[in-house]
Amino acid sequence: MNTRDAATNGALPFSRSDQPHALTLRDWLTHLARTGRVATIDRAVSLEHELAAIAKRLDGKQAAFFTQPGGHDVSVVSGFMSKRAWIAEAMGVAESDLLARFRSAAEHPLASKVLDRVDAACQQVVHTSGIDLHAQLPIPTHSEHDNGPYITAGLVIARNPRTGVQNVSINRIQVHGPDRMAILLLPRHLYAFQKAAEEAGEALDVAIAIGVDPLTMLASQAITPIDHDELEIAGALHGAPLSVVKCVTNGVHVPAFAEIVIEGRILPNLREPEGPFGEFPKYYSAKEAREVIDVTALTHRRAPIFHTIVPAEMEHLLLGAIPREATLLAHLQRSHPGVKDVHLSVGGVCRYHLWVQFDKKREGEAKNVILCAFGAHYDIKQVIVVDTDVDVHDPAEIEWAVATRFQADRDLIVIEGAQGSPLDPSTTVGQPEDAPSHLQGVSAKMGFDATRPVVYPAHVFTRVRIPGEDDVALDALAAADNAAFDAYLGRHDD
Ligand code: MN
């Protein structure tokens, strides 16, 4: 426990500058293991629910490493980036600099470096025939009502058929045949590529990279315009160009150090059923007809590690939160330089509830900030704006600000009938079950101005402080032995 505390508090033991090469998953797991943050489950564990149940209980505490998942000799890891502090550590920055570091990388991408195949770890073993994903990979079934095994931590990489620029995203993928998978495409960049290919009557080449380091995982979630290759953001986060290699059966470039790569093609004009599947809001998505991937190759390292993300747990939520927070902060600061920090709360599934720390100079400004946040992303459903003396990362501080600086009749904004998250089940109330997609996700927005007035009478909003409280040396107090305490009580017992 001491090593774990030392690793997450105080000086950063894992300096990025110590890395002579781009951080790999193996480097990171080794570091976690040396600091007491890997639980190795060295016994047979079922891929159906049991593995996910164990990983879920360890999420946010330790990464789970399974050596015998479902009788496979390929191991499974989960939960290696399930704390904000760990992610900051992987980046080599203090937690308070996480968003600034991510934003800077997103704004200054580094072109990738293409390796020869012989140098690419992810192609140490190559299968192009007789592929049976269920037999070759330990793919877990996670939640109770999931429709079978899912790949949840695969970086889906494809090229824009019009420009040739790559895109990276994480999509849920149901493996429903030996070499066939159904994939959920939300209306973003990969979806646009697939539509363009389909209109031309062509398949879209893709690759799914599984088992990459935390920085590459995070970069894949950057919110950027189309034709910005997220692997170049990963390079910027690493501080060195990312090494990539061309796939064996198509022209897509994948991280060369990935543990496992599945190559394939999204087939045109074909849909097969996918779902139900337990998603990030902690509810199930329904079974629907989805795009289909025909697998053309499976490549991997020798003794590869398969990464699975337990849906709706911290590893999943933080992966979405940090890139979104960095984007939302930049968006808000463009119009409101007084915005200091933002936080997507865990209770709001790191998507729906945004807390904003704001240096208000004029009355009414907090309401402008709220409206700006609603316009920044359709997922934002509730915004709370607080002053700079409130810790925007602490739920108790936010509630205190609402309790003492907010009056519902003058500080509450409600907007009816806006677009929200289609995955929020409360948006479906009153809708027919088969509502067409253009009617789904209609949602109200709620904003709280929990800032105090710019000018207020002395002492009314003066926060109670005790002189010297911030200077108390807690470590020294905790380390003191209890001899004096025992002696004092002993004296009175006599
Ligand atoms: Mn993109």
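Predicted model: local features only at pLDDT ≥ 70, side-chain atom pairs only at ≥ 80, totals over all residues.
**Entry 1: domains.** I began with the division of the chain and found domain 1 at 3-307 and domain 2 at 336-450. I then looked up the separation of the two, and their C-alpha centres lie 30 Å apart. To the contact between them domain 1 brings 7 residues, while domain 2 brings 11 residues.

**Entry 2: the surface between the domains.** I asked how much area is buried between domain 1 and domain 2, and the value is about 810 Å², with 69% of that area coming from carbon and sulfur atoms. On the domain 1 side I noted Arg84, Phe280 and Pro281, which together supply 57% of the area that this domain buries against domain 2, more than any other three residues. Sorted by class, the side of domain 1 that touches domain 2 holds 4 nonpolar, 1 polar and 2 charged residues.

**Entry 3: the manganese ion.** Next I looked up which atoms coordinate the manganese ion, and I recorded OD1 of Asn167, ND1 of His189 and OE of Glu230, at 2.1 to 2.3 Å. Along the chain these donors follow the spacing N-x21-H-x40-E. His189 belongs to helix 7 (residues 189-199) and Glu230 to helix 9 (residues 230-238), so this pair ties together parts that stand 41 residues apart in sequence.

I stayed with His189 to list its surroundings. Leaving aside residues up to four places away in sequence, His189 touches Asn167, Thr224, Pro225, Ile226 and Glu230. With one of these, Asn167, the side chain of His189 also makes a polar contact of 3.2 Å.

**Entry 4: backbone features.** I kept in mind that most peptide bonds are trans and that most residues other than glycine have a negative phi. Against that background I noted a cis peptide bond between Gly275 and Pro276, with omega at about 0°; Pro276 sits in the loop that runs between strand 14 (260-274) and strand 15 (277-278). I also noted Val349, a residue other than glycine whose phi is positive, near 50°. Val349 is found in the loop between strand 19 (339-344) and strand 20 (353-358).

**Entry 5: salt bridges.** I followed up the one between Arg324 and Asp379, where the closest N and O atoms are 2.9 Å apart. Arg324 is part of helix 10 (residues 314-335), whereas Asp379 lies in the loop between helix 11 (365-376) and strand 21 (382-386), so the pair ties together parts that are 55 residues apart in sequence.

Terms used:
Residues numbered from 1 in each chain as written. Heavy atoms only, no water. Domains from an automatic or database assignment. Contact = heavy atoms within 4.5 Å. Buried area = accessible area lost by both parts, 1.4 Å probe. Nonpolar A, V, L, I, M, F, W, Y, C, P; charged D, E, K, R; others polar. Donors = N, O, S within 2.8 Å, 3.2 Å for Na, K, Ca; no water. Helix = DSSP H or I, 4+ residues; strand = E, 2+ residues; numbered from the N terminus. Salt bridge = Lys/Arg side-chain N within 4 Å of Asp/Glu carboxyl O. Polar contact = N/O pair within 3.5 Å; in protein donor to acceptor, adjacent residues only side chain to side chain.
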